[in-house]
Amino acid sequence: MTTAPRKTVPGAVGTGGDSHRTPAAAPGTGGTGKPRRPRSYEALTGYLFVGPAVILFCVMGLYTVGYGFALSFATWNGFTPNWTWVGLDNYADLLWRSPVYAPRVRHAALNTLWVMIASPALTVAVSFPLAVLLNRVRRLQSVLRSVYFLPYVTSGVAVFFAWQYILQPDGAINYLLDSVGLGSLSQPQGWLGNPSTAMPTMIAVTVWGHVPVAMLLYLTGLQGIDRSVLEAAELDGAGWWRTNASVIWPLVRPITAIVMLLNLRESLQGFQTFLVMTNGGPGDHTNVLGLEAYRLAFLKNLAPTLGLASALGWILFAAALVLALINLRALRSKT
Amino acid sequence: MTSISVKARPGASDDTRARTRRRIARAVVGVLLALYGLVSVYPFLWMVSAAFKDQIEVVRGGHLIPRNPTFETLVDTWNELHFFDFFLNSLLVTLYTVVLTLVIYAAAGYAFAVLRFPGRGLLQKLFVSLLFVPGITVMLPIVLLEDRMGILGTHFGLVLPFVNGGAPLSILLMTGAFLAVPLELRDSARVDGASELRIFTSVYLPLARPALITVGLLTAIPTWNEFLLTRVSLNDPSTYTLPLGLQTLSAENVPHYNNLMAGALIVVIPVIILFLSLQRYFVNGLVGAVKG
């Protein structure tokens, strides 16, 4: 095919709202000829095809984000007709100024920090070896993969209640410990009732829920590794440990970065498990920032805390953004 | 290249030793994999176990295998605790969400992958950026907005934010799938005079079936399990979805764990069946997304 008459009607574009500032003017499509059809027709069809998505995005996405951002600078209880603008007061109150909220936020931040350190690290520590082992297995691999993926599929209220049930004082975890002769480790108050075991237990449940996706990502990465690289390592006399530690691990570093990023974000902002299983207890020992924001937004009936809730949400967002940037930078410098 | 599989070994004794070592290694791997499999399914085992126990046996804890297995708990939960209604509500909400997601984002993915129009790159970036907005900051505005629109507390009011929440991933997956379709197919269809809609529905959609299934599953699973927004938006118990109905069971003073676990089983079984029946496409679709 010959080159297409592409530069025919440059002025006819701009059918939609904004003008024709096409970013990076659509790379590719080099040699392929584009028969007939004028570009304005194609642009119009394009807008029609993305239209529904854009409308929904504007209402449910842009509007709500803008609204939430504005609200974070105001005081409001959700019932009175008007907001009271307070500028940055909400942020200051949450971070250091208010004697009521600042200590709670600080305490919740500390709990969240524990989750943010332990959950990604443990998720990687479990899912990478699991993927390496699973990758060696020929038979039953797909069966095992499905079994390992079940926690993701069912992750939600139902399975959190199941965890709550087996973590009880006379639940299945204590029963298991007793029956394998580790009865001294069992928790007579239940794993979530004891302030010193509640947080580690919640972290374990979180990791249990995060391993499936991480394991699948690692498995994909492992199956994409060129066999000749591994054979070269074997020729050089590298054993199994050595190959995994010095060849495979560095090769899957981008995947580790993705797993860490997803996990950090979830640890920082997620709180559903905590809401359902402990509701922050015992005695705020498992209160995390997301849960605190949720409480400020939805559980303070007439108190004017909606602005505070919004501000806390944006603090979480900013923290996630900073972490994402650090993560990306760390990834770039090592590859 | 030469084959590098096993280095030649001098003595036969070395050979057998290597073989035993390999056999031990394989056994260790097997045991470790089985152990994690057990960790994965452990809560389910007890969920199933408790769902078949009666009121008295469940508080005694202990045995995984119920002494007097009974269907009564499941039947009771299903009938008396309105689980049939919750189930229908969940089914409707999930179905609407999945259908709308597929229709809207398949079209958007097609536009982004195939059509050239001004503002395309900018729009694409906007959609992806939505991925980083924390759920909790938009939850409150969504509730307030829907209250004003008069759809708060309805299933439609759940479906809209669910569909929008899935936008970044769905668009990413669909665009990737459509980009993989050879351009020649489209061009020849155009030469034959097919309309853009026709090309989309009869050339591109059939070829993107694995991606459609993946997007469908990735939408259906979280929608089925969704709890937070549902909890703050629904007030009328007749509109409750399964997770919310389940929560009403646990909110009683002393939760009856056999009923609670039977309810949990009712929530979990449909997604497990859905996942297992489609998992072949799902894993491939996901893998394709990671690579692409």
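Tutor: Helices (H or I, at least four residues) and strands (E, at least two) are DSSP runs, numbered from the N terminus. This is a predicted model, in which local features need pLDDT of at least 70, side-chain atom pairs count only at pLDDT 80 or more, and totals for chains, interfaces and linings use all residues. Residues are numbered from 1 along each chain as its sequence is written.

Student: How many helices and strands does chain B have?

Tutor: From the N terminus on, the elements of chain B run α-α-α-α-α-α-α-α-α-α-α-α-α-α. The count for chain B is 14 helices and 0 strands.

Student: What percentage of chain B is helix over residues 86–114?

Tutor: An unreviewed UniProt entry annotates several stretches of chain B as "transmembrane region", including residues 86–114; such annotations may be inferred rather than shown by experiment. The end C-alpha atoms of residues 86–114 of chain B lie 41 Å apart.

Student: Is helix 7 of chain A roughly parallel or roughly antiparallel to helix 10 of chain A?

Tutor: Helix 7 (residues 195–223) and helix 10 (residues 253–269) of chain A pack with axes 10 Å apart, at an angle of about 165°. Axes are lines fitted to C-alpha atoms over the stretch in contact, and angles run from 0 to 180 degrees between N-to-C directions. Angles under 35 degrees count as roughly parallel and those over 145 as roughly antiparallel. Therefore helix 7 of chain A is, relative to helix 10 of chain A, roughly antiparallel.

Student: What percentage of the 292 residues in chain B is buried?

Tutor: Buried means under 20% relative accessible area, with a 1.4 Å probe and protein chains only. By that criterion, the buried share of the 292 residues in chain B is 51%.

Key: Chains are lettered from A and ligands numbered from 1 in the order in which they are written. Side-chain values use heavy atoms; hydrogens and water are left out. Angles under 35 degrees count as roughly parallel, over 145 as roughly antiparallel, 65 to 115 as roughly perpendicular and the rest as oblique. Buried means under 20% relative accessible area, exposed over 50%, partly exposed in between (1.4 Å probe, protein chains only).
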